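Open the model in a viewer and keep the selection panel at hand. The stops below go from one selection to the next.

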Amino acid sequence: MASNIQNAACRTAAMSEAGRWSPTVPSSGQPNVSAQSQSQPSSSGEYDYEALPTNSIAIHMTAGAFAGVAEHTVMYPADCIKTRMQSMVVNPVHSGVIASFRHMVQSEGLRAPFRGIGVVIAGAGPAHALYFACYEQVKGAFEDRTQYKSLVHGGAGAVATLLHDAFMNPVEVVKQRLQMHHSPYSSGIQCATHVMKTEGFRAFYRSYSTQLTMNIPFQSTNFIVYEAVRQHFNPEGGYCPQAHVIAGGLAGAVAAAVTNPLDVAKTVLNTQEEACLGKQQAHLTGMLAAVRKIHAAHGLGGFMRGVRPRIVHQAPATAICWSIYELFKSLMGLQHTNPVEVPATTPAITA
């Protein structure tokens with residue numbers, strides 16, 4: 001029953017998009033349809049959304065940039081709470097999502113949950129532009145060559161992650177250091193400058209291998225779950241906001257839970273907290289060193305620190321990201337079709 005209701009809603013959304021298309025009947029009595037038009041309504045009046053001319057890299061990059069900025073900014077406070085809860089410094093006040101948020105606002109002000117958001121906005125746009133463009137190109141090149149669609153989706157997501165993380169890893173380092181409790185930095189520029197002077201350029205990529213180890217399975221899971229759920233709720237393939245939201249939310253929640261242990265290790269490597277480093281003050285390098293430190297400090301339970309705010313952050317953020325990406329892809333795809341011209345007056349049709 002739920003699937004039938006969902007499919008009906010999707011058909012309604014597709015018909016609303018199709019309402020932009022108006023057939024032209026010129027004086028010759030034949031519709032004036034451009035030969036270059038790549039998308040036409042079906043006999044039922046609906047656009048074949050998947051047939052829209054959205055193979056353009058420019059469309060994918062533009063849609064991806066908007067989606068990335070929205071994903072990282074709308075749910076940013078939850079990401080900030082997640083980072084603090086993953087801290088290796090014992091803080092009994094930060095025992096839950098609500099308690100962490102309340103303590104953060106009361107002790108540091110309303111701006112505290114948004115520390116570092118400017119850095120993320122600057123980096124998320126270009127990173128996600130590369131991310132979605134790469135995914136769509138790889139997916140388009142191999143999807144029709146095999147029946148194992150999920151493998152293609154997962155592989156395309158893994159390749160896209162390599163580009164995305166190469167751009168975003170320095171952003172993550174600066175962002176997470178700004179997010180930490182009692183952060184000594186007042187701006188992203190000050191933080192980046194200090195890290196460069198005291199730790200060198202390699203500090204921005206100290207967690208890169210761990211980031212890839214986490215994000216490749218995260219993004220592969222994200223794409224596999226998203227495509228499977230989207231096709232279940234929207235088998236016709238039309239533009240369907242409800243299907244994109246549900247599929248994106250489920251994909252984000254599953255991927256976040258599965259990869260949380262690696263995210264904790266990434267946070268430890270990025271923040272390099274003094275209380276975590278110990279008396280020798282030697283910087284942690286590599287995922288194994290981070291894993292040993294986490295286990296020594298909190299046991300096996302330490303690897304699931306921050307899992308609740310991570311899911312709270314990733315589920316709606318991924319839903320927002322996919323929804324906006326599909327929306328912009330749909331709108332820009334429709335704009336790149338050659339709609340048939342509607343004359344000022346329609347001649348009467350005589351028998």
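Are Lys 175 and Asp 79 buried or exposed? Select both: Lys 175 is buried, and so is Asp 79 (buried is under 20% relative accessible area, exposed over 50%, partly exposed in between, with a 1.4 Å probe and protein chains only). This is a predicted model, in which local features need pLDDT of at least 70, side-chain atom pairs count only at pLDDT 80 or more, and totals for chains, interfaces and linings use all residues. Residues are numbered from 1 along each chain as its sequence is written, and side-chain values use heavy atoms, without hydrogens and water.

Lys 175 forms a salt bridge with Asp 79, with the closest N and O atoms 2.8 Å apart (a salt bridge is a side-chain nitrogen of Lys or Arg within 4 Å of a carboxyl oxygen of Asp or Glu). Lys 175 lies in helix α6 (residues 149-179) and Asp 79 in helix α3 (residues 76-85), so the pair ties together parts 96 residues apart in sequence. Helices are DSSP runs of H or I, at least four residues, numbered from the N terminus.

Next, select Glu 172 and Lys 266, a salt bridge with closest N and O atoms 3.1 Å apart. Glu 172 lies in helix α6 and Lys 266 in helix α10, so this pair links parts that are 94 residues apart in sequence.

Then select Arg 310 and Asp 263, whose closest N and O atoms are 3.4 Å apart in another salt bridge. Arg 310 lies in helix α13 (residues 307-335) and Asp 263 in helix α10, so the pair ties together parts 47 residues apart in sequence.

Conventions:
Helices (H or I, at least four residues) and strands (E, at least two) are DSSP runs, numbered from the N terminus.
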